[in-house]
Amino acid sequence: MDLKDCSDALVEILDALDIDRCVLVGNSWGGMLAGVFPAHYPQRTAAAIGINCTASLPTTVESIWATALSTFLSLHSKMPPLAAKAARAAFAGPTAEATNPEFTEFTKFVLRDDPKSVAWALRSILIGRKDEHRRLNTIRDVPVLIIAGEEDSQFPVHVVRKMADAIEGSTFRVLQHTAHLAARENLEGVNAEIDAFLATLPATV
């Protein structure tokens, strides 16, 4: 499944709920969808907000890491303990490690997941993702906010900024002392940026 498939599925959900236009907000994979959805369905998008996301191809390191991890996970019927360590390394930045034990404990949520499902997700969105910058460059007249986490080791600030730069007229913000799961780690900061962005939009949006 790629981001076009995700966009098509979202339209089916909007249709089922009788929603004409939406303000789409997403983190990580959801942030990538929030970025490309206005390119595929501008008429269904009032505004879009992507957090900790990218439009770039996976790096060589990402491809090797994700391929090895997805292969390892696909061999298990129950999530192995090693997955919790991998999640903590991927999702918790220096600030969370030093000051937010509740968040670092939260990263163990992956132990409740189906390892084969996680392996499929890794193959789809990490190993198999496409360069979407040219598609993003087609977006017109849809307000878009892109938020990066200063400590995000998965999609560093310069990668997220490149995504924002590809969208004409987009707004780009960086959350200090925040890593990859910004909406979970720094809810107040994320909500403040979203509120400020939405306040600038016309009342008709």
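Helices (H or I, at least four residues) and strands (E, at least two) are DSSP runs, numbered from the N terminus. The structure is a predicted model, in which local features need pLDDT of at least 70, side-chain atom pairs count only at pLDDT 80 or more, and totals for chains, interfaces and linings use all residues. Residues are numbered from 1 along each chain as its sequence is written, and side-chain values use heavy atoms, with hydrogens and water left out.

Two loop residues may be considered at the outset. Ser 28 lies in the loop between S1 and H2; its phi is positive, about 65°, although Ser 28 is not a glycine. Ser 28 is buried, with a relative accessible area of 18%; buried means under 20% relative accessible area, exposed over 50%, and partly exposed in between (1.4 Å probe, protein chains only). Asn 52, in the loop between strand S2 (45-51) and H3, also has a positive phi, near 50°, and is a residue other than glycine. Asn 52 is buried, with a relative accessible area of 0%.

The interior comes next. In soluble globular proteins, nonpolar side chains tend to be buried together. A nonpolar core is a set of buried Ala, Val, Leu, Ile, Met, Phe, Trp, Tyr and Cys residues joined through side-chain atoms within 4.5 Å. The largest such core has 47 residues, of which Leu 24, Leu 33, Phe 37, Leu 73, Leu 136 and Ile 146 touch the most other members. Among the elements that each supply at least two residues of this core are helix H1 (3-16), strand S1 (22-27), helix H2 (29-40), H3 and H7. Apart from this core lies another, of 11 residues, including Ile 51 and Phe 197.

Which helix packs against helix H3 (residues 60-74)? The partner is helix H7 (residues 115-127), at an angle of about 160°, with the axes 8 Å apart. That makes H3 roughly antiparallel to H7, a term for angles over 145 degrees; axes are lines fitted to C-alpha atoms, for helices over the stretch in contact, and angles run from 0 to 180 degrees between N-to-C directions.

Finally, Met 1 is placed in the segment before H1 and is partly exposed, with a relative accessible area of 49%. Met 1 and Ala 121 are 120 residues apart in sequence, and their C-alpha atoms are 8.9 Å apart in space.

Definitions and conventions
Parallel < 35°, antiparallel > 145°, perpendicular 65-115°, else oblique.
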